[in-house]
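Thanks for coming. Please have the sequence and the model open while I talk.

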Amino acid sequence: MDSPSDPSLSLKSVLRFAVPSLLSLLLFLAPLPVNGGSTVLVAVLAEFLNDRLGPVLPVLILAISTSSALLAVYCRWRRIDNGLLGQLFGVSFHWLLLRLLGAAFATMVFFEFGPEAVWGANTGQTMMGQLVPTVMTLFLAVIFLLPLMTEYGIMEFVGVLVSRFFRFLFLLPGRGAIDAVASWLGAAPLGALVTTQQYERGHYNHREALSIISSFSLASVAFCVLIAGILDVTHIFLQFYGSVAIVSIVLAMVICRLPPLSWMPTTYHTEAKKTELVPPGASVWRWALQQAVAKAKDADPLPQQLRHSAVKLLDLWFGLIPSVIAIGTVALMVAEYTPLFDWIALPFRLYLELLSVPEAAAAAPAMVVGFADMILPAVLGAGIESELTRFIIAGISVSQVIYMSEIGALILRSRIKTTVWHLAGIFLLRTVIAIPLFVLLGHLFLD
């Protein structure tokens, strides 16, 4: 690998890039057959942690939620906004309210007191018993291994190689391909976490980061199997998953060119890093290797990476968990106890009837309730008799991406500044465009 014209590509420097990068591919992206499905090693590790920590997770969630709220109140009272304490707990007023609400909900669910609408099986207990433990253990499994993917050049290498393809199709940097695959094979929060970190380091601008999260933070294969099982379309899983892949690619190509994403600023959080632009006359493969090796050379020492990862984990746990509990529980309460989603679904009922979808009235609420949580459309549609309609609901629930109980809260918590209204607009736009595509593919595959 040594070259007189480019001494930077020595065997030692290339191995410094190649070894951690190959290890990251094995951990985050290599499909692993498990129980008849496919997953990745970090997802297996997260599930292992979830099983082993299961008995103490409810207490840990309660402790994190309440201490997060109390320390945020203390920092606001004492006006502490710097140092580790300020970084973790110095928040704006509306995030303080979310932390307080999340702590209150966590306490009510743990001790099962107050209105049952808060701590019931389909609301608070779903959040604290299923969704939050999964997110917690996933972040614990991922956060200390993530530098293997982000610090040693694999994203630079892949980004240069697929940059033209990705920019032509999706108006996005090539490194977004890594985020997409991490979501599909691992879990949606994994891809979203990678994207937020890359945005903070100047690899994506505002529009690109939000486009990647809202287009490629898709449910993992394992979750797709769960959705297929609930809606009884497991026997046509290949047709279902193939349709999700096709529709998701079409949506990614279209949505980034339409408002609200097309209106987003192209400003960077920090100094922009344009490592994917290949100089005229340069070899694409050699430039990719040069950028990767340069990135690996500049990687922080391991102790510093571990400290940074530990702080990031604490920030996610103390900042995200109470917010997820607050937003997710309220959304599930609205879905479970109010007719709001039925009212919102009326235009979708007319839309589905126009497309001759069977049992359109029963299916319409499933088209909008996914904004609260991804699994709710499957729960609402499980009793529908038409296989075509259940197929459409399954595809829509996975392809909507923006659900407030997890991805939505993660985006709002990140430094990618946006609003709930922007997220709702992206959600509705994805749904409106995806419905006729799934109707068409459903007729094609099922008829």
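I will go from the whole chain to one helix, then to salt bridges, a surface patch and a few backbone details.

First, the ground rules. This is a predicted model, in which local features need pLDDT of at least 70 and side-chain atom pairs count only at pLDDT 80 or more, while totals for chains, interfaces and linings use all residues. Residues are numbered from 1 along each chain as its sequence is written, and side-chain values use heavy atoms, with hydrogens and water left out.

Now the overall picture. The protein chain has 22 helices and two strands. Helices here are DSSP runs of H or I with at least four residues, strands are runs of E with at least two, and both are numbered from the N terminus. The radius of gyration is 22 Å, close to the 22 Å from the globule rule for 447 residues, so the chain is as compact as a globular protein of that length. That radius is taken over C-alpha atoms, and the rule is 2.2 Å times the number of residues to the power 0.38. Along its principal axes, the C-alpha trace spans about 70 × 60 × 45 Å.

Of the 447 residues, 54% are buried. Buried means under 20% relative accessible area, exposed means over 50%, and partly exposed is in between, with a 1.4 Å probe and protein chains only.

Two pairs show how sequence separation and spatial distance can be read side by side. Leu251, in helix α14 (residues 237-255), is buried with a relative accessible area of 0%. Leu251 and Gln400 are 149 residues apart in sequence, and their C-alpha atoms are 9.7 Å apart. Val14 lies in helix α1 (residues 11-29) and is buried at 11%. From Val14 to Trp95 there are 81 residues in sequence and 44 Å in space, C-alpha to C-alpha.

Next, helix α7. Because 15 of its 20 residues are buried, α7 is largely enclosed by the rest of the structure.

On to the salt bridges. How many does a search of the whole structure find? The search finds five. A salt bridge is a side-chain nitrogen of Lys or Arg within 4 Å of a carboxyl oxygen of Asp or Glu.

One of them joins Glu208 and Arg167, with the closest N and O atoms 3.5 Å apart. Glu208 is in helix α12 (residues 206-216) and Arg167 in helix α9 (residues 154-170), so this pair ties together parts 41 residues apart in sequence. Glu208 counts as buried at 3% relative accessibility, and Arg167 as partly exposed at 32%.

Another is Lys312 with Glu200, at 3.6 Å between the closest N and O atoms. This pair links distant parts of the chain, Lys312 in helix α16 (residues 302-337) and Glu200 in helix α11 (residues 188-200), 112 residues apart. Lys312 is buried at 12%. The side chain of Glu200 also meets that of Arg415 in a salt bridge of 3.3 Å, N to O. Arg415 sits in the loop between α21 (404-413) and α22 (420-446), 215 residues from Glu200. Through shared partners, Glu200, Lys312 and Arg415 form one network.

Now the surface. Val59, Phe110, Phe111 and Phe113 make a nonpolar patch of about 390 Å². Patches use residues with over 30% relative accessible area and no salt bridge, joining like charges within 9 Å and nonpolar side chains (Val, Leu, Ile, Met, Phe, Trp, Tyr) within 5 Å. Accessible areas come from the Shrake-Rupley method with a 1.4 Å probe, and for residues only the protein chains shown count as cover. Phe111, found in helix α5 (residues 93-111), is exposed at 52%.

Last, the backbone. Pro259 and Pro260 are joined by a cis peptide bond, with omega about 5 degrees. Pro260 is in the loop between α14 and α15 (284-297). Asp232, not a glycine, has a positive phi near 55 degrees and lies in the loop between α13 (221-230) and α14.

That is the end of the tour.
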